[in-house]
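Subject: Structure handover

Hi,

Here is the structure I promised to pass on. My notes on what turned up follow below it.

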Amino acid sequence: LSGQPADPPVPACPAGHSGHTAARWGFDAMERRLAALAGTHPAAALRGAGGLGRLRNRLSGAWPSPEQVGGLFPLLDRAAAARVAWRIGGMECRNRLLVEIIRRGGIAALRPLLRQPSPLAALRPPLVLCFFHVGAMQGLGAALEQLPAPVLAFRQGLLAAGRPPLEIVSTEGDDQARATAFHRGLERLRRGGFVAMALDLPSARAVAAPCLGRRLALSRGPFALARLAGCPLVPLVARWRQGRIDVVHGAPLAADPAIDEIALARAAASWLEHYLLDAPAELGLGLLRHLLAAETAAASSPRRSAG
Amino acid sequence: VDAGLDLDVAVRHLVRRRAPRVGGAAELPDTLALSTGGAGLDSITLVELLLDCEQRFAVTVAAELLAGAPLTVGRLVSGVRAALLRARA
């Protein structure tokens, strides 16, 4: 992995370190090496990151721990939960590298990693595409370029620019700044386009719905957009398959005026729950922590929560 | 003058409907911010209020008003009034 002039300098391990610190330093250094390799051999670097992350998780027993995985998937025995935790560790390491690849080469660097043909090419606007922090979420930018009409994607902070038909806008800022982005999304839908935005890990007001035995807070924005534009929502995720980024989406969730945002939230959370029960190792660490911190969903109906 | 007063009252009525926090206030000053630090409208409700105005007065104001300075009751009233005058011109 080394020996190329472009390799970044590797800082020395701090003196007087413990074994734990040394191991962390060593793994961080290997990730930096993989980031350097990704410039010329992204597929190989991503495969290496998957293995490195699994090993790191296996040795540390953390990020996530088998107990954390078991807390959300109680039907898994300890050995199965540990295997899922290793795979999440591998996915997280691969995703960190993916972000680094985007920082260095933009979304263009991801296009060769997409599995073709993309199921997104068959979608017809207007639709609100709502995605979750699972799988290879950072790879969605390149996947959204496959859509057959203009798409406005919301993101907290800009990582890279898309190319038509994809336009990425930041939702950072105060309420008026977010309202401006929201209104642009509404206009995009009314003109026959797509809007894509994360549904989980909301930064503003949220609606809660049961998922994996917890109350999952979901952003109100996608539901409100669908209601105001009178168009359906489509849940989707990006995931790693044989070293490539694959996209899978669910059936449209109709935005019937008779169906309120809470009912739509419940349907979206149910779709995510079914997806994760089939593929628990796709659960991103951030979403896993969020779910573990959420209250249990003992009550039968979802409710709004202050996000 | 009467038409102007009617417009002022109608826009403030729409604000009250979307902003329960100020619903009981005797009057809504022109300087009252509609979102953070004022009426407390979140981003979605702020857009809904502007759509209310567009529907009520058959004008297009949302993009223009959101793009400018912090939106206040006074800016909303004057923005709707200006859009109405443009539409009649």
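The largest cavity in this predicted model has a volume of about 40 Å³, and the structure holds 1 cavity of 30 Å³ or more. A cavity here is a set of points on a 1 Å grid over the protein atoms alone where a 1.4 Å probe fits but cannot get out, with lining residues having an atom within 4 Å of a point; the volume is the space filled by probe spheres set on the points, which are joined across faces, edges and corners.

Its lining includes A:Leu114, A:Arg115, A:Ile245, A:Asp246 and A:Val247. Strand β8 (residues 244-249) of chain A contributes the most, with 3 residues; strands (E, at least two residues) and helices (H or I, at least four) are DSSP runs, numbered from the N terminus. By class, the lining has 6 nonpolar, 1 polar and 2 charged residues (Ala, Val, Leu, Ile, Met, Phe, Trp, Tyr, Cys and Pro count as nonpolar, Asp, Glu, Lys and Arg as charged, the others, Gly among them, as polar).

Between the chains, helix α6 (residues 175-190) of chain A packs on helix α2 (residues 43-57) of chain B at an angle of about 60 degrees, with their axes 8 Å apart (axes are lines fitted to C-alpha atoms over the stretch in contact, and angles run from 0 to 180 degrees between N-to-C directions). The contact residues divide into 7 nonpolar, 3 polar and 3 charged.

Residues are numbered from 1 along each chain as its sequence is written, with chains lettered from A and ligands numbered from 1 in the order written. Local features need pLDDT of at least 70, side-chain atom pairs count only at pLDDT 80 or more, totals for chains, interfaces and linings use all residues, and side-chain values use heavy atoms, leaving out hydrogens and water.

Best wishes

Key
1 Å grid on protein atoms, 1.4 Å probe; cavity = no way out; pocket = protein on both sides within 12 Å on 5 of 7 lines; lining within 4 Å.
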